[in-house]
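Biologist: Let's go through some labels on this model and ask what stands behind each one.

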Amino acid sequence: METALASSRQDLVASLDLIETRLRWLSSWTIHNANHLRPKRDGLKVGGHQASCASITAIMAALYFHALRPQDKVAVKPHAGPVLHAIHYLLGQQSRDKLKRFRGLGGAQSYPSRTKDSIPVDFSTGSVGLGVAVTAFSSLVQDYLVAHGKLAEADAGRMIALMGDAELDEGNIYECLIEGYKHDLRNCWWVVDYNRQSLDATTADRMFRRFDDIFETCGWRVITLKHGKLQRATFRRPGGKALEEWIEHCPNAEFAALTYQGGAAWRERLMADIGDRPQVAKLLGGFDDDGLAALMTNLGGHCVETLIDAFDSAQDDRPTLFIAYTVKGYGLPLAGHKDNHSGMMNPSQIEGLRAHLGIAQGDEWEPWGGLGDNAAARLKAFVDASALAGKAVEPQAEMVPVPARFAVPPEPRQSTQAAFGRILLDIAKSGDLLGDRIVTTAPDVTQTTNLGGFVNQRGLFRRQELADVFHKAKIPSAQKWAATQAGQHIELGIAESNFFLLLASLGLAGQHFGTRLLPVGTVYDPFIARGLDALNYGCYQDSRFLLVGTPSGLTLAAEGGAHQSINTPLIGMGQPGLTSYEPAFADEVALIMAHAFDHMQRPDGSSVYLRLSTRAIDQVARENDGWEADALKGGYWLRQPAPDAEAAIVFSGAVAPEALAAREALADDLPGLGLLNVTSADLLHRDWSARRAARWTDGKRAPSHAEKLLSALRPGAGLVTVLDGSPAALSWLGGVTGMRVSPLGTDRFGQTGDLPDLYHRYRLDEDAIIDAAAELFLD
């Protein structure tokens, strides 16, 4: 029995070693083809990071073809994208054509992409650090679904991140660590490709133990894989202890330089430093130069036997950090070189590697090139029998029914933020499936963004239940927040990056775990910018969520400039995968929220961003619901202009009272003056842009919604545009049909004050709108 097990293990190690070689070659050749063989029409470097790929091939071979289970999910470090494509090429899931077009139009993407790659990609990566932290939040989402009975505990997988060591410089990773500790993170592996070389520098030597300390403090198990099997065996020989001590104290930069210089340089340096120690000269003399170089670079991250032992030792649910020491460019001529991050093998070097691996000319793209027929057949059978080969395609979660409309809060004077909170509370009380699938979160601003009612009704989520101490002590409080496994609000600290990564993870629950969730996240509107990279990351993956930015603009009067958002309407207009709205009235909020929950689930849908305000304003009376269809397209006439009217006031959001008042004041001077309420500058601009582009695409040139709205005015009419935000969000409307524009808005940092003073100071009040209208005709 022991002999059979040993034979099985030897076969496993031998197979993984061969796969590692294949991955190193295929990733290198894919990059070489893109840069040296494929015709270049623009003369620009294509790139591809051969050295960063080579440092992680053994790690990925051991993980994907030994440790990985069907329910596990992996975020692959951006620069290892070609290795991931090579893995799926061996599995028959990636085409040769895609590899040949790597980093070209329609080819394999530079960095793993859920939406643009044809191979299965669990998490998109690109902006370093985000693909690491998202795995922790996906683990939290998995725990949420297990607790809510939507996923069996036995089916829970590990959320795994393969990361470059330079990603440990990213602050969002440490924000994530703290949040993970608070939520008792589990089923999460982070594997560090610790090659100690980044683009500009070598990792500081003094960081050696700091990562261990930080992660262990946050409850993680840290497994360091510094030495491979050959090194460990050599250390046990006479003279080996001195060699081990020398390696332990060798500075990272010197280790890299000696690696590049090769065996002779290693021998000279070792003899100079420790050659007089007992048995060292004899030990080193037992290796030729190539053998000595192989010994010195036999680090844990390149030894598949060390790797499988490490992965096998962490089979519980404790979060684990694997620090796998590697050599950047391992097995390539540029191994260890200071400039190898962006460097690539030249044609003679790749030719030398091809010959060394025994790959015949013309067989460079063959999956099992360089292997005999029998070996190729055995390796193909090994790959085909792996858990990865049998992994099912991502599930298609069913849509959650959404009512045709939500009840409008009846208060005659209210803010859009208050209306949002009331509507969400009504959903929580309804007992509908929609309420059960909503998950809310906020970066420590739950109360001040009107999520409190929903949380009171549905509770906080925690795997380990926590009683509401104030409630038990009968201390009066509006917050009744007991934390249970049935809760539907995930509490976060003040870290907007964590907030957006959690929204992204929640929004992918349907694809990842088969149960659709409808995430709702609230954040102070000015602080969207603090998490903008993570927001973009979530949208790039086509994750679906409802983002509520509130309060916004100068309406945060007393808070001062740091809390008064300016450019967020432009963020909403410019962010792909996100449809933004800025409603003015409560019935618009109800209409848009119902639309948003449906739109988030549609194949051609997106995430939705609502920019709301705490400013309470008088609600308008409606004669009918004829305005609703136009409001969902981006704008409607709140006051219809007279035929051939010479001007209109165009507004968005909280400045509705000033716009209405100015129109009334101008009624005598400008009869028939129109009042256009823009509920989504984003949709209006996107529709207009698509209409303009149609002449070069499909030739269809139906008028855009903005053109239809503005056609009610006389050609060359004037527009006064106004919003509590950047004037650029609306001023472009003048270009739709060639109208004159007098734009109002905020393009400077605000200051403290009450709203009348600030609206007057920053020209958003009734007088400013009247002056802007006069300016149109004076000009």
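Modeller: Start with terms. Helices are DSSP runs of H or I with at least four residues, strands are runs of E with at least two, and both are numbered from the N terminus. The model is predicted. On that numbering, Q279 sits in the loop between α12 (263-274) and α13 (280-285). Its phi is positive, about 70 degrees, although Q279 is not a glycine.

Biologist: Why is Q279 called partly exposed?

Modeller: Buried means under 20% relative accessible area and exposed means over 50%. Q279 has 41%, so it falls in between and counts as partly exposed.

Biologist: What makes N450 partly exposed?

Modeller: The relative accessibility of N450 is 27%. That is between the 20% and 50% limits, so N450 is partly exposed. N450 lies in the loop between β7 (438-443) and α20 (452-458). N450 is not a glycine, yet its phi is positive at about 70 degrees.

Biologist: At what angle do α6 and α24 pack?

Modeller: Helix α6 (residues 130-147) meets helix α24 (residues 532-540) at about 75 degrees, with the axes 11 Å apart.

Biologist: Why is α6 called roughly perpendicular to α24?

Modeller: Angles of 65 to 115 degrees count as roughly perpendicular. The angle here is about 75 degrees, so the label applies to α6 and α24.

Biologist: Which residues make the contact?

Modeller: L130, G131 and V134 come from α6, and D533, A534 and Y537 from α24. They divide into four nonpolar, one polar and one charged.

Conventions: Residues are numbered from 1 along each chain as its sequence is written. This is a predicted model: local features need pLDDT of at least 70, side-chain atom pairs count only at pLDDT 80 or more; totals for chains, interfaces and linings use all residues. Side-chain values use heavy atoms; hydrogens and water are left out. Buried means under 20% relative accessible area, exposed over 50%, partly exposed in between (1.4 Å probe, protein chains only). Axes are lines fitted to C-alpha atoms, for helices over the stretch in contact, and angles run from 0 to 180 degrees between N-to-C directions. Angles under 35 degrees count as roughly parallel, over 145 as roughly antiparallel, 65 to 115 as roughly perpendicular and the rest as oblique. Contact means heavy atoms within 4.5 Å. Ala, Val, Leu, Ile, Met, Phe, Trp, Tyr, Cys and Pro count as nonpolar, Asp, Glu, Lys and Arg as charged, and the others, Gly among them, as polar.
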